[in-house]
Amino acid sequence: MRVLVIGGTGFIGQHVVARLVKAGHVVHVPTRRYSKGRDLLVFPTLTLFEADVHQDAVLERLLRQVDAVINLVGILHSKPGKPYGPDFRRVHIELPRRIAAACRKTGVSRLLHVSALRADPQGPSAYLRSKADGEAAIKAEFASFPEGNYTIFRPSVVFGREDNFMNLFAKLARWMPVIPLAAAQSRLQPVYVRDVAKVMVNSLQNSTTYQKTYSVAGVAQYSLADLVRLASQWAGTPRPVVPMPNFIGYLQAFFFELLPGEPIMSRDNLNSLQVDNVSDEPMAPELGVVPTPLESVAPTYLRKRRA
């Protein structure tokens, strides 16, 4: 099968690409900067090229060369706005809508899309609201495309060797004797990046997953404070965690937003943590994956950070 992977150079994307190639698929990966995806060139059935996927004409041209498309593009931060800022609108809503519309116009009948656990049009954060409206945009386009089959995945926070989650906590523990933490009691259910990739590739040609939305979460639930403690412990720099009142957390996040680059934590991130990022149900059996425990993977790569 020929598969277009949008967002294939990202953290999850690289694992999805690797599993697709292993399964015998031919993979096309567009990127804004060719140099960003050079690590993927080791795969023999992969083509990497520069393209702006936010242009309808470009998307239609790309889709005419493939049998299926996977959209993995997502961002954590946006300029403010109601009900979400322009960056969230462009990436989480307009891009999925454009991809789905291009599928309909070109006759590409298979679309896999990554959303977010607890996506909700009435959710507490712009991130969760925009993710939900992106799902709705896909469904609206496919409503007039009877031959089309989408599957939507809602992963919890994703961990793995290159993650910006457990690695971030471990990094903070290296230079902070105490870790002050907002939303410390919020609950999360981290899922291994390779399990996410396997779920998606297993679903690609599995008709039982058509027109369905799946929660993709790990084995166990943890408080955010527990995860920070574990990350610092496994990295060899155990640190106490001091829960902060919400108003101080929002002040801290506002300060982070003023610094150059991507903020460690934004106010919208804290809004997302108002709802527990956990699944109400186990991994669906048709996805063919038994979730990998955090404890069996994270200590190995966090330990190497101190080596």
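Mentor: A residue counts as buried when its relative accessible area is under 20%, as exposed when that area is over 50%, and as partly exposed in between. The model is predicted, and every value below is computed from it.

With those limits in hand, we can turn to Asp67, whose relative accessible area is 30%, so this residue falls in the partly exposed class. Asp67 forms a salt bridge with Arg2, and the closest N and O atoms of the two lie 3.1 Å apart. The pair joins distant parts of the chain, since Asp67 sits in the loop between helix 2 (56-63) and strand 4 (68-71), while Arg2 belongs to strand 1 (residues 2-6), 65 residues apart. Arg2 has a relative accessibility of 36% and therefore also counts as partly exposed.

A second bridge brings together the side chains of Lys212 and Glu286, with an N to O distance of 3.8 Å. Lys212 lies in strand 11 (residues 212-216) and Glu286 in the loop between helix 9 (267-272) and helix 10 (298-305), so this pair ties together parts that are 74 residues apart in sequence. Lys212 is partly exposed because its relative accessible area is 34%, and Glu286 is partly exposed because its value is 26%.

Asp226 and Arg229 are both placed in helix 7 (residues 224-234), three residues apart, which is about one turn of the helix. Asp226, at 31% relative accessibility, counts as partly exposed, and so does Arg229, at 36%. Elsewhere, salt bridges with shared partners join Glu60, Arg64 and Lys105 into one network. These bridges are among the 11 that a search of the whole structure finds.

A pair of aromatic rings is described by the distance of the centres and the angle of the planes. Counted with a limit of 6.5 Å between ring centres, the aromatic pairs come to seven. One of them is the edge-to-face pair of Phe88 and Tyr127, with 6.0 Å from centre to centre and 65° between the planes. Phe88 lies in helix 3 (residues 86-106) and Tyr127 in helix 4 (residues 126-142), so their contact ties together parts that are 39 residues apart in sequence. Phe88 and Tyr127 are both buried.

Phe255 and Phe256 form a tilted pair, with centres 6.2 Å apart and 50° between the planes.

Phe247, Ile248 and Leu251 make a nonpolar surface patch of about 320 Å². Phe247 is placed in helix 8 (residues 246-258), and because its relative accessibility is 57%, Phe247 counts as exposed.

Conventions: Residues numbered from 1 in each chain as written. Predicted model: local features only at pLDDT ≥ 70, side-chain atom pairs only at ≥ 80, totals over all residues. Heavy atoms only, no water. Patch = residues over 30% accessible without salt bridge, like charges linked within 9 Å, V, L, I, M, F, W, Y side chains within 5 Å. Areas by Shrake-Rupley, 256 points an atom, 1.4 Å probe, with all protein chains shown as cover. Salt bridge = Lys/Arg side-chain N within 4 Å of Asp/Glu carboxyl O. Helix = DSSP H or I, 4+ residues; strand = E, 2+ residues; numbered from the N terminus. Buried < 20%, exposed > 50% of the residue type's maximum accessible area, 1.4 Å probe, protein only. Phe/Tyr/Trp six-rings, centres within 6.5 Å; stacked < 30°, edge-to-face > 60°.
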